[in-house]
Amino acid sequence: MRRLRNRLAGALLSVLALTLTATGCGGSSDAAPGNSPGGASAPAGEAVANRVEPLTKRPEPRLPVTVPSADGARVRVKAAQRIVPLSGSLSEIVFTLGLGDRVVARDVTATFEQAAELPVVTRGHDVSAESVLSLKPDLVLAETTTGPEEAVDQIRAAGVPVLFVESAKGLDDVGPRIRAVADALGVPAAGQELTRRSEQRIGAVREDVPHGEKPRVAFLYLRGSASVYLIGGEESGAGSLIEAAGAVDAGAASGLGKDFTAITSEALVKAAPDAILVMSKGLESVGGVDGLVKIPGVAQTPAGMDRRIVSVEDGVLLNYGPRTDQVLKSVVAQLYGEDGAT
């Protein structure tokens, strides 16, 4: 679930967003990550921790502050005692900054352990203004893809500050998103510290990526229950992660310029992936690896013939946040194996 972007993560756009709205499936899972897919499972790799790791020193917000919002507005934040992040990725940032005790609700994609008991008030593109306002928040954090617009307008009309943060599209977004949230919470120094920590950890994983011939990796978005089978292109949000793992985004390299395109045998043959990247619940929804290779065209690819599948939990794959180093490490471990061979 991309939203794995996204990028689900992050941020599924156009065809994917419309399809998911019609089927009622969000970009990320509402189930706890780490469940084994049905049927044959994907190869075991480095797991992404189901907990976030807060900064060692808990920061103390200095408010009020006025900060720019990604929708062009300037937002005055007078207090941050009752925070409602409207995405799992934004929740992760707040908790990792050390201010998780101020979060009073969550999006369905906030599946990490510290947030699990919070009430769910939104599912990404299905924000409930009434549910949010009932918790009396003093700050709401939203993605630029958060909706519907009417719900956000209703929250703002009630006098609650709403800060929009640019949706994540790649590794370069990790620092800016962290700093945008930290600045709004009145803890800019903590934002700088968390940015440094996150980028250093990502850099350390990248240094250990095996060198040599680059495998071609296709990112597939799967929802078997709704018969949704999509292959990611240049705008899927997965390209940055795939490239950081020392691989080639097979969908983009084959000429798919959009975010997602319906899977066809021809598209898969042209992409010719050596490995397939999926979200864990998406893989489960098609019956695991056994079901995946039954999708037309998959079995004819090098990835399908070798059953070379890389699976990462929905709620974190395309977040591009404080746990992205763990995501990248998991992708690398599954892609190359223990001996580092492709």
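Modeller: Start with a term: buried means under 20% relative accessible area, exposed means over 50%, and partly exposed lies in between, with a 1.4 Å probe and protein chains only. This is a predicted model, in which local features need pLDDT of at least 70 and side-chain atom pairs count only at pLDDT 80 or more, while totals for chains, interfaces and linings use all residues. Residues are numbered from 1 along each chain as its sequence is written, and side-chain values use heavy atoms, with hydrogens and water left out.

First, confidence. pLDDT is the predictor's confidence in each residue, from 0 to 100. The chain averages 87, and 85% of the residues score at least 70. Residues 1–42 stay under 50. Where pLDDT is low, the predicted coordinates should not be read in detail.

Now the sheet. Helices (H or I, at least four residues) and strands (E, at least two) are DSSP runs, numbered from the N terminus. Two strands pair if DSSP finds at least two bridges between them. The open sheet has three strands in the order 3-6-7, with parallel pairing. Its edge strands are strand 3 (83–85) and strand 7, each pairing on one side only. From one strand to the next, the twist averages 20°.

Take the pairs in turn. Strand 3 and strand 6 run parallel and are joined by three bridges. Here Val84 stands opposite Val140 in strand 6. Four bridges join strand 6 (residues 139–143) to strand 7, also in parallel. Leu141 has Leu163 of strand 7 as its bridge partner.

Look along strand 7 (residues 162–165). Val162 and Phe164 point one way, Leu163 and Val165 the other, and all are buried.

Next, the helices. Axes are lines fitted to C-alpha atoms, for helices over the stretch in contact, and angles run from 0 to 180 degrees between N-to-C directions. Contact means heavy atoms within 4.5 Å. Helix 2 (residues 88–96) packs on the sheet and touches strand 3, strand 6 and strand 7. Its direction makes about 130° with that of strand 6. Helix 4 lies across strand 6 and strand 7, at about 140° to strand 7.

With strand 6 and strand 7 it makes a right-handed β-α-β unit. Right-handed means that, with the strands pointing away from the viewer, the path from the first strand over the helix to the second runs clockwise.

Zoom in on Pro85. This residue sits in strand 3. Why is Pro85 counted as buried? Because its relative accessibility is 0%. Its C-alpha atom is 6.2 Å from that of Ala142, 57 residues apart along the chain. Not counting residues up to four places away in sequence, Pro85 touches Leu90, Ser91, Val94, Val103, Ala105, Arg106, Asp107 and Leu141.

Ser91 takes us to helix 2. Ser91 is buried too, with a relative accessible area of 0%. Leaving out residues up to four places away in sequence, Ser91 touches Pro85, Ala110 and Phe112.

Last, the wider setting. A nonpolar core is a set of buried Ala, Val, Leu, Ile, Met, Phe, Trp, Tyr and Cys residues joined through side-chain atoms within 4.5 Å. The largest one has 65 residues, and Leu97 and Leu185 are among those with the most contacts inside it. Its largest share, six residues, comes from helix 13 (residues 324–336). Beyond neighbours within four places in sequence, Leu185 contacts residues including Ile83, Val94, Leu97 and Leu139.
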